Every structure is written in C-alpha cells, then in structure tokens.
Amino acid sequence: SISPSSSYKLRRYEPSDKPAIIPIFCDNIREEWGELHHNGRYLTNAERYIQSVVEDESSDLNNIDGVYFAKGGDFWTLTYVTQEEEEDNGDATCSSRKETETVVGMCGLEVITESEVELRRMCIGRNHRQNGCGSKIMIPVVLGKAKAMNGVKRVTLSTPEHGADVIRFYKKNGFVDMLDADGNPKKALNIHGTPIHEIFLERLLP
C-alpha cells in the first residue's frame, strides 16, 4: 500500500454511531473523576452516573433524536478518517483508495429556550486530543449552528470545577463565567453525591 493520509471530520450523528460513542462517554467520565482528580475517590459515584445514563432509556444518549434533533438542536460525531491507496495486483499505475472511519468523539447542542442552547457531551477520545479538533473543528461547527438558529442569543455549558484544562479551553474559545443573582459565578454544588461542584459558562452571540 502507498500514500496513506488521515484527517478528522465532524458529521451529523447516525444511529449506527451509538456503539462507539457510549464507550467514549464512559471513558471520559471515569478519566475525569478517577484518573485526573481526587485519586479515584469518587469513582463509585461516577459509575452510578454512567449507569444512569447508559441504562435509562430516556437519557439523552439513548434518545438523541428526541432530545437534540426533534427540538431543533443537533448532535455530531467526530471521526478519524484514514485513506490509503492500494495497488491493484501489484500494478502501481492502477490503484484504488480505501477509506476507514473511526468514531473518536462527539458533541451535542440542545435547545433550552428560544434564546438559549446548551453545549453537551463534548468529549474526544484520549488518543485524539491536543491536535486542534476541539477549537478548530467542533467549536466552530457548534457556534455556526447556534448563530444560524433564529433568536438564539447564547450558548451555555456546565463542567466540573476541578477541570482547569477544560475550563481554560472553553474560555480560550470565548466562553465566560455565568453569574448568579448576586454577581458571583454560578455553580451547582455537590453533584452526583460528591463534594464536587459544577460551574456554568456561556458564550454570547452577536
């Protein structure tokens, strides 16, 4: 084989993607709660949360059409596409191109109100990070969709407070702290039965 090439592509979710996105979601939660922070102290809580999402038929990942598409939102699958030219019968002048697509990430945009949409489930497999997929592919597509939706004024999201790198990524891409009625950063306390807090960010649209 000759001339291998690869690229990332963000496309609309298809039901056949589900067996691939569920393990990415599970791995992301275990990594966030167990390997990176708190020395795995809350992995049991994380597993309960994973179970509630995976086994509940009404959860968003089991009802992507109803939660995202039917309300006017969207859900995307990030894929790693490898193309390879193969010689036919050893003849370099006659070749065919073989394309292989691997699901490596996802993100969704859920309609909350006429003026607000929420960025949800954004995650990338650990072997496909630090290469610009988030800031150069996923965020522009999400913001482009939001801007095209009539009346939408802001994109919101929530993320655990301990994820400094994740928070830095979102703020680098134009998100800022949402504020409560007292002007303090908005938080959800003690999520999933742990001392972990969740913060809320938003990006206002022109």
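**Note on salt bridges, cores and rings**

1. Arg 154 is partly exposed, at a relative accessible area of 26%. (Buried means under 20% relative accessible area, exposed over 50%, and partly exposed in between, with a 1.4 Å probe and protein chains only.) Glu 116 is buried, at 13%. The two side chains meet in a salt bridge, 3.2 Å from N to O. Arg 154 belongs to strand E5 (residues 154-160) and Glu 116 to strand E4, so this pair ties together parts 38 residues apart in sequence.

2. A word on the basis. This is a predicted model, in which local features need pLDDT of at least 70 and side-chain atom pairs count only at pLDDT 80 or more, while totals for chains, interfaces and linings use all residues. Residues are numbered from 1 along each chain as its sequence is written, and side-chain values use heavy atoms, with hydrogens and water left out.

3. How many salt bridges does the structure hold? There are 17. A salt bridge here is a side-chain nitrogen of Lys or Arg within 4 Å of a carboxyl oxygen of Asp or Glu. In general, side chains of opposite charge can pair when their charged atoms come close.

4. Glu 101 is in strand E3 (residues 91-111) and Lys 9 in strand E1 (residues 2-12), so the bridge ties together parts 92 residues apart in sequence. Strands (E, at least two residues) and helices (H or I, at least four) are DSSP runs, numbered from the N terminus. Both partners are partly exposed: Glu 101 at 36%, Lys 9 at 34%.

5. Glu 110 pairs with Arg 120, the closest N and O atoms being 2.8 Å apart. Glu 110 sits in E3 and Arg 120 in E4 (residues 116-124), so the pair ties together parts ten residues apart in sequence. Glu 110 counts as buried, at 11% relative accessibility. Arg 120 is partly exposed, at 22%. Both also belong to a network of salt bridges that links them with Asp 60, Lys 71 and Arg 121.

6. Now the cores. The largest nonpolar core has 26 residues, and Leu 109, Leu 119, Val 155, Tyr 170 and Phe 175 have the most contacts inside it. Such a core is a set of buried Ala, Val, Leu, Ile, Met, Phe, Trp, Tyr and Cys residues joined through side-chain atoms within 4.5 Å. At least two residues each come from strand E2 (74-88), E3, E4, helix H4 (133-148), E5, helix H5 (164-172) and strand E8 (198-204). H4 gives the most, with six residues. Apart from this core lies another, of 24 residues, among them Ile 21, Ile 22, Ile 29 and Tyr 68.

7. Tyr 170 deserves a look. Leaving aside residues up to four places away in sequence, Tyr 170 touches Leu 119, Met 122, Ile 139, Leu 157, Phe 175 and Leu 201. (Contact means heavy atoms within 4.5 Å.) Tyr 170 and Phe 175 are both buried.

8. The structure holds six aromatic pairs. In one of them, the ring centres of Tyr 170 and Phe 175 are 5.7 Å apart and the planes are at 70°, so the pair is edge-to-face. (Rings of Phe, Tyr and Trp, its six-membered ring, pair if their centres lie within 6.5 Å; planes under 30 degrees apart count as stacked, over 60 as edge-to-face and the rest as tilted.) Ring pairs also link Tyr 13, Tyr 68 and Phe 75 into a cluster.

9. Last, charges over rings. Arg 12 lies over the face of Phe 69, 3.9 Å from the ring centre. Lys 186 has its charged end over the ring of Phe 200, 4.9 Å from the centre. The criterion is NZ of Lys or CZ of Arg within 6 Å of the ring centre and within 35 degrees of the ring normal.
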